[in-house]
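Biologist: Let's go through this model together, and I'll ask as we go. Could you put it up first?

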Amino acid sequence: MLASVNLSTNSSFFLLTGFSGLEQQYPWFSIPFSSIYAMVILGNCMVLHVIRTEPKLHQPMFYFLAMLAFTDLCMGLSTVHTVLGILWGLIREITLDSCITQSYFIHGLSFMESSVLLAMSFDRYVAICNPLRYSSILTNSRIIKIGITILGRSFFFITPPIIRLKFFHYCRPHILSHSFCLHQDLLRLACSDIRFNSYYALMLVICTLLLDAVLILFSYVLILKQVLTVASQEERHKSFQTCISHICAVLVFYIPVISLTIVHRFGKHLSPMVHVLMGNIYILFPPLMNPIIYSVKTQQIRIRILRLFSSKLL
């Protein structure tokens with residue numbers, strides 16, 4: 001099957017990898033994947049719609065939730081055309097320029113999700129540890145500045161290594177490990193000097209994903225310390241309840257990221273199927289689960305969504 005695809009090292013096309021050896025089952029695979037993408041798009045659009053149309057949700061906590069939903073929506077939209085395109089038999093290849101563009105958005109949105117989760121942990125810290133100054137600390141203008149900083153931090157610093165991908169010589173067979181493009185996947189195929197990209201990417205991961213994870217953990221240490229000083233058991237429970245959704249979102253994001261990193265670093269002997277599966281979990285699991293988590297665990301969102309559905313049925 002691969003023989004029919006032009007894999008010349010001089011070609012500007014790259015072969016996207018689906019579930020190798022199971023091509024006959026793609027029509028069946030397309031059903032759950034199409035359903036997942038539909039849930040990702042509809043779920044995050046619903047969260048954004050509810051927050052936009054409900055004045056009572058125009059609060060810092062829900063502004064950050066809207067940022068998270070927007071990030072998840074964009075992540076789904078950035079990969080839907082290649083993942084479903086393969087399963088539907090519409091595409092098999094991607095140009096270098098398109099591949100670089102897709103990798104830019106995938107990595108940028110991953111850093112953006114990490115940054116938003118960090119901002120949400122700061123929101124919970126202020127709400128629990130300094131509630132009297134909550135509204136004065138997290139003003140609308142400050143939230144806008146945080147949003148702009150998140151956007152710049154996520155997409156500005158990844159630009160240099162992504163641009164360099166355009167000028168590399170790719171002498172190895174143009175076969176990608178996933179049904180979408182990742183920076184490390186293109187580096188694997190390059191025969192040029194990739195040391196700058198490798199070291200820069202490592203430092204970027206340390207200074208963003210790892211640093212964000214440490215700061216989120218530190219914020220919850222402070223929150224836990226504050227909550228344990230509260231005498232009332234009911235107040236403790238209420239404080240923890242406000243953090244449950246965010247903790248779940250953090251785990252849903254970081255567990256796939258760590259798992260995919262381990263597979264890329266130490267799983268070269270594993271079946272290509274494992275790489276493809278972990279890649280799809282990394283891309284789809286957080287955007288799929290976050291709307292479900294916040295719809296179930298956040299009372300204000302749950303009530304508005306139920307009201308929205310009930311009004312549609314009447």
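Modeller: One term before we start: a disulfide here is a pair of cysteine sulfur atoms within 2.5 Å. This is a predicted model, where local features need pLDDT of at least 70, side-chain atom pairs count only at pLDDT 80 or more, and totals for chains, interfaces and linings use all residues. Residues are numbered from 1 along each chain as its sequence is written, and side-chain values use heavy atoms, with hydrogens and water left out.

Biologist: Which hand does the link of Cys-171 and Cys-191 have?

Modeller: Their sulfur atoms sit 1.3 Å apart, and the two form a disulfide. The angle about the S-S bond is -45 degrees, and that makes the link of Cys-171 and Cys-191 left-handed.

Biologist: How many residues apart in sequence are the parts that Cys-171 and Cys-191 tie together?

Modeller: Elements first: helices (H or I, at least four residues) and strands (E, at least two) are DSSP runs, numbered from the N terminus. Cys-171 lies in the loop between helix 6 and helix 7, while Cys-191 lies in the loop between helix 7 and helix 8 (195–228), so the parts tied together are 20 residues apart.

Biologist: And is Cys-191 buried or exposed, or partly exposed?

Modeller: The cut-offs are under 20% relative accessible area for buried, over 50% for exposed, and partly exposed in between, with a 1.4 Å probe and protein chains only. Cys-191 has a relative accessible area of 35%, so Cys-191 is partly exposed.

Biologist: On to Cys-99 and Cys-181: what is the torsion about their S-S bond?

Modeller: These two form a disulfide with sulfur atoms 2.0 Å apart, and both cysteines are buried. Their disulfide is left-handed because the torsion about the S-S bond is about -115 degrees.

Biologist: How many residues apart are Cys-99 and Cys-181?

Modeller: Cys-99 is in helix 3 (residues 96–129), and Cys-181 is in the loop between helix 6 (159–164) and helix 7 (183–189). The pair links distant parts of the chain, 82 residues apart.

Biologist: What pattern do the disulfides of the protein chain follow?

Modeller: The structure holds two disulfides. With bonded cysteines counted along the chain, the pattern is 1-3, 2-4.

Biologist: Which residues does Ser-179 touch?

Modeller: Ser-179 is another residue of the loop between helix 6 and helix 7, and it is buried at 4% relative accessible area. Contact means heavy atoms within 4.5 Å. Not counting residues up to four places away in sequence, Ser-179 touches Leu-16, Thr-17, Thr-82, Val-83, Ile-86 and Asn-280.

Biologist: Zooming out, what is the radius of gyration of the protein chain?

Modeller: The chain has 11 helices and two strands. The radius is taken over C-alpha atoms, and the globule rule is 2.2 Å times the number of residues to the power 0.38. That rule gives 20 Å for 314 residues, and the chain comes close to it, so it is as compact as a globular protein of that length, with a radius of gyration of 21 Å.

Biologist: Last one: what percentage of the 314 residues count as buried?

Modeller: Along its principal axes the C-alpha trace spans about 70 × 50 × 35 Å. Of the 314 residues, the buried share is 45%.
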